Amino acid sequence: MQSDLCRIASPEPPSAARMASPTSERAHHKGKVSGRISIADVQPLLSTSISQQLLPPQHFSGNPLDRTYDRRLKFDGTSKSEEISLVVVAGREVCVRESSSSLRSSGSTGDAGGGTGGTNTTATTTSGGGVSAAPAADLQALLLNATDPELDLNSESICLTWVYGDAAYQLPLYLLGQDRTERWTFALDVSDCRAGFMEFLRETCSLGGGVGLSDLRAALPQLSRDAAAIAGQATALSQWHQSHKFCPRCGAPTAPVEAGLRRQCTSTPHHKLYPRTDPVVIMLVESPDGRRALLGRNKKFTPGMYTCLSGFVDQCESVEEAVRREVFEESRVLVAQVAVVGSQPWPIGRYGGCELMLGCMAKARSYEVLVNMDEMEDVQWYDKDELRAAVEMYDVMSAASEGDGLAEPPMSVAQLQEHSLDQLGFFIPPPLAIAHHLIRTWALHEGPWFSTLGGLGGGAAANGSHSHTHSYPHSVPVNSAVADGSIFTPGAQVQGQGQPGGVQEPAMYARGRL
């Protein structure tokens with residue numbers, strides 16, 4: 001198996017090592033027959049007026065693999081094709097191959113949350129708006145003959161036996177799905193021997209120093225959309241399997257079963273474990289007058305970055321309830337109307353979990369902000385013009401760096417964020433995160449997001465005629481904060497909402513500390 005793996009991994013060009021492209025007519029036809037729906041298939045559905053209320057497809061979504069449950073049930077290890085594809089993972093790390101242009105690049109970019117990272121990449125403008133990195137690397141998928149004797153696809157716990165030196169490893173496989181050429185694709189978990197396996201790929205298989213394990217968050221700007229979705233699924237499964245090796249009910253060891261789709265307690269058969277996804281609400285809170293949005297930051301963020309408020313959904317709690325609770329807990333701002341506008345899978349979530357980010361627009365019914373210092377470092381109201389400038393910073397600066405006759409490479413995301421911090425005093429997350437698209441969609445939307453129905457918005461501001469041109473400060477000094485208990489009283493809350501004659505605007509946007 002050693003020489004066989006070297007033979008198939010080393011000479012394959014990057015295009016052959018990746019999943020098959022969905023652009024061919026034959027592959028597209030197969031996708032239709034097997035029930036797959038691609039982004040291209042649903043574009044006519046998004047061309048209606050409702051598309052103005054939806055976010056564009058997000059990173060980690062749009063997985064090109066067919067992973068419907070009935071399709072995966074057909075895998076039994078006996079109906080083998082000529083080869084299978086292996087995506088090498090170790091927890092949150094995935095095996096990638098850097099391109100030659102990436103190895104020559106010297107720029108660095110930030111992660112999806114806006115922090116600085118260590119990856120080398122460049123930024124380009126996408127058709128959906130904003131800056132994303134040009135794919136400078138892709139998954140180093142390994143092609144292996146399905147009949148290889150070291151490949152066990154018939155057992156309850158499928159695995160690959162890998163011998164390196166004097167050690168033998170049973171590397172677990174997790175079924176990911178089928179690509180458009182109907183090749184089975186698996187995640188190969190090398191968490192127990194990551195250093196040795198990478199040395200094997202670089203030296204024995206002669207793949208060179210451009211191949212290695214990279215944290216998915218750091219590699220995300222380099223990966224194509226399809227590769228990011230596959231890598232996200234693979235790393236999410238690896239993280240879950242690595243953190244559930246023992247039964248939470250009896251403490252006995254567990255083992256992966258059903259091609260890695262779940263784990264089974266080795267002591268009590270009816271103790272079954274399934275991969276979990278944690279729902280998280282992330283919301284753009286619009287002020288009562290529809291002219292400002294509430295953004296915040298915690299102490300872990302890169303200095304200068306402000307983003308949408310977010311939080312986990314509690315047990316037996318609706319999305320709308322979670323939005324209202326989280327906003328109140330972090331800022332003491334009261335929320336009335338909530339609308340879900342999009343979602344993003346996030347396999348690189350907090351504490352090693354896979355999250356589902358539920359993007360929402362929310363309508364505030366109070367203005368004053370009291371920052372919960374246990375959770376947040378700062379929460380502020382931002383004018384729509386300010387956020388529009390922050391959004392366009394990603395677009396304008398990228399276009400400027402690609403002007404005619406300029407030999408300079410495009411600016412990296414980190415450079416764009418630094419420029420935004422110098423010019424505006426803050427920056428927002430890059431387009432890799434759903435928070436960016438919530439801010440972008442709201443900032444580029446003319447007038448308030450919510451209508452005057454139900455007594456929200458109201459008056460001239462809701463009709464789009466901004467008759468009040470003066471601006472208010474983001475916050476006031478702590479010693480000027482409202483008295484205790486005022487968060488439960490009207491205080492700076494809008495008076496006369498929904499009444500003829502418009503709203504009475506507050507004297508200022510008050511902020512204090514709990």
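This note sets out numbered points on the predicted model shown above.

1. Basis of the note. The model is predicted, so local features need pLDDT of at least 70 and side-chain atom pairs count only at pLDDT 80 or more, while totals for chains, interfaces and linings use all residues. Residues are numbered from 1 along each chain as its sequence is written, and side-chain values use heavy atoms, with hydrogens and water left out.

2. Overall composition. The protein chain holds 14 helices and 24 strands; helices (H or I, at least four residues) and strands (E, at least two) are DSSP runs, numbered from the N terminus. Of its 514 residues, 52% count as buried, where buried means under 20% relative accessible area, exposed over 50%, and partly exposed in between (1.4 Å probe, protein chains only). The accessible surface of the chain is about 22,500 Å², and carbon and sulfur atoms account for 52% of that area; these areas come from the Shrake-Rupley method with a 1.4 Å probe, and for residues only the protein chains shown count as cover. Among contacts between residues at least 6 apart in sequence, 71% join residues at least 24 apart, a contact being heavy atoms within 4.5 Å.

3. Cysteines. How many disulfides does a search of the whole structure find? The search finds 0, with a disulfide defined as a pair of cysteine sulfur atoms within 2.5 Å. The closest cysteine sulfur to that of Cys 247 belongs to Cys 250, at 3.7 Å, which is too far for a bond. Cys 247 is buried at a relative accessible area of 5%, and Cys 95 is likewise buried, at 1%.

4. The sheet E14-E15-E16. Three strands form an open, antiparallel sheet in the order E14-E15-E16. Its edge strands, E14 (254-257) and E16 (272-273), each pair on one side only; two strands pair if DSSP finds at least two bridges between them. Strand E15 (residues 262-265) is joined to E16 by 2 bridges, and Arg 263 stands opposite Leu 273 in E16. Helix H9 (residues 225-242) lies across E14, E15 and E16 and runs at about 15 degrees to E15. For that angle, axes are lines fitted to C-alpha atoms, for helices over the stretch in contact, and angles run from 0 to 180 degrees between N-to-C directions.

5. Ala 259, between two of these strands. Ala 259 is found in the loop between E14 and E15. Its phi is positive, about 55 degrees, although the residue is not a glycine. Most residues other than glycine have a negative phi. Ala 259 counts as buried at 10% relative accessibility.

6. Strand E23 (residues 378-383) is mostly covered, with 6 of its 6 residues buried. Which residues point each way from E23? Asp 378, Gln 380 and Tyr 382 point one way, whereas Val 379, Trp 381 and Asp 383 point the other way. In a regular strand the side chains alternate between the two faces of the sheet. Strand E18 (residues 292-297) pairs with E23 in the antiparallel sense over 6 bridges, and Ala 293 stands opposite Tyr 382 in E23.

7. Helix H10 (residues 319-331) has 13 residues and reaches 18 Å from its first C-alpha to its last, close to the 18 Å expected at 1.5 Å a residue; the expected span is 1.5 Å times one less than the number of residues. Among the buried residues of H10 are Arg 325, Glu 326 and Glu 330. Just after H10, Arg 332 takes a positive phi of about 65 degrees. In helix H13 (residues 434-443), 10 of its 10 residues are buried, including His 436, His 437, Arg 440 and Trp 442.

8. Buried loop positions. Gly 349 is in the loop between strand E20 (335-346) and strand E21 (355-364) and is buried, with a relative accessible area of 8%. Not counting residues up to four places away in sequence, Gly 349 touches Arg 92 and Glu 355. Ala 141, in the loop between strand E7 (137-139) and strand E8 (142-145), counts as buried at 3% relative accessibility. Phe 60 lies in the loop between helix H4 (39-46) and helix H5 (69-73). Phe 60 has a positive phi, near 80 degrees, and is buried at a relative accessible area of 5%.
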